[in-house]
Amino acid sequence: MAGPGGKQSHQAQPKLRLDKWLFHARFFKSRELAAEVAEGGHLRINAQRCLKPGHGLAVGDVLTFPQGRRIRLIRVLSLSDRRGPATEALALYEDLDPPGQDALAEPLE
């Protein structure tokens with residue numbers, strides 16, 4: 001048992017449900033849609049397949065999932081207690097996709 005000056009274990013890091021975070025970050029219109037992506041096996045957390053919408057996300061986790069016709073690669077920067085405006089949602093993650101690299105935007109020559 002650690003005292004006030006002791007090290008915190010990795011387990012003590014705050015976490016938020018995967019489906020809830022995806023909804024708060026405005027990647028999906030509802031938690032149900034976010035849960036369907038996870039349950040369908042289409043989502044990875046830190047390169048590990050996740051089938052549970054209730055999986056706990058922590059700051060620093062990297063998510064890979066489809067959104068529309070794109071594959072998103074996102075790093076969690078912050079957790080949120082609510083679904084706020086879009087500007088607030090942008091502060092929750094870092095988009096790891098290379099800028100301007102949309103494979104479906106332009107055909108190869």
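Two strands pair if DSSP finds at least two bridges between them. The exercises below apply this to a predicted model.

**Exercise 1.** Which way do strands β2 and β5 run, and how many bridges join them?

Solution. Take strand β2, residues 43-45, and strand β5, residues 62-67. Two bridges join these strands, and the cut-off for pairing is at least two. The two strands run antiparallel.

**Exercise 2.** In which sense do β5 and β6 pair, and over how many bridges?

Solution. Strand β6 covers residues 70-76. The pairing of β5 with β6 is antiparallel and involves six bridges. Next, inspect the turn: the hairpin of β5 and β6 has two residues between the strands. In this hairpin G68 takes a positive phi near 65°.

**Exercise 3.** Why is the pair of W21 and Y93 classed as edge-to-face?

Solution. The structure holds five aromatic pairs. For W21 and Y93, the ring centres are 6.4 Å apart and the planes stand at 80°. Centres must lie within 6.5 Å for rings to pair, and planes over 60 degrees apart count as edge-to-face. The pair is therefore edge-to-face.

Now place the two residues. W21 lies in helix α1 (residues 18-24) and Y93 in strand β7 (residues 93-95), so their contact ties together parts 72 residues apart in sequence.

**Exercise 4.** Are W21 and Y93 buried or exposed, and which residues form one aromatic cluster with them?

Solution. Both W21 and Y93 are buried. The cluster consists of W21, F27, F28, F65 and Y93.

Technical notes:
Residues numbered from 1 in each chain as written. Predicted model: local features only at pLDDT ≥ 70, side-chain atom pairs only at ≥ 80, totals over all residues. Heavy atoms only, no water. Phe/Tyr/Trp six-rings, centres within 6.5 Å; stacked < 30°, edge-to-face > 60°. Helix = DSSP H or I, 4+ residues; strand = E, 2+ residues; numbered from the N terminus. Buried < 20%, exposed > 50% of the residue type's maximum accessible area, 1.4 Å probe, protein only.
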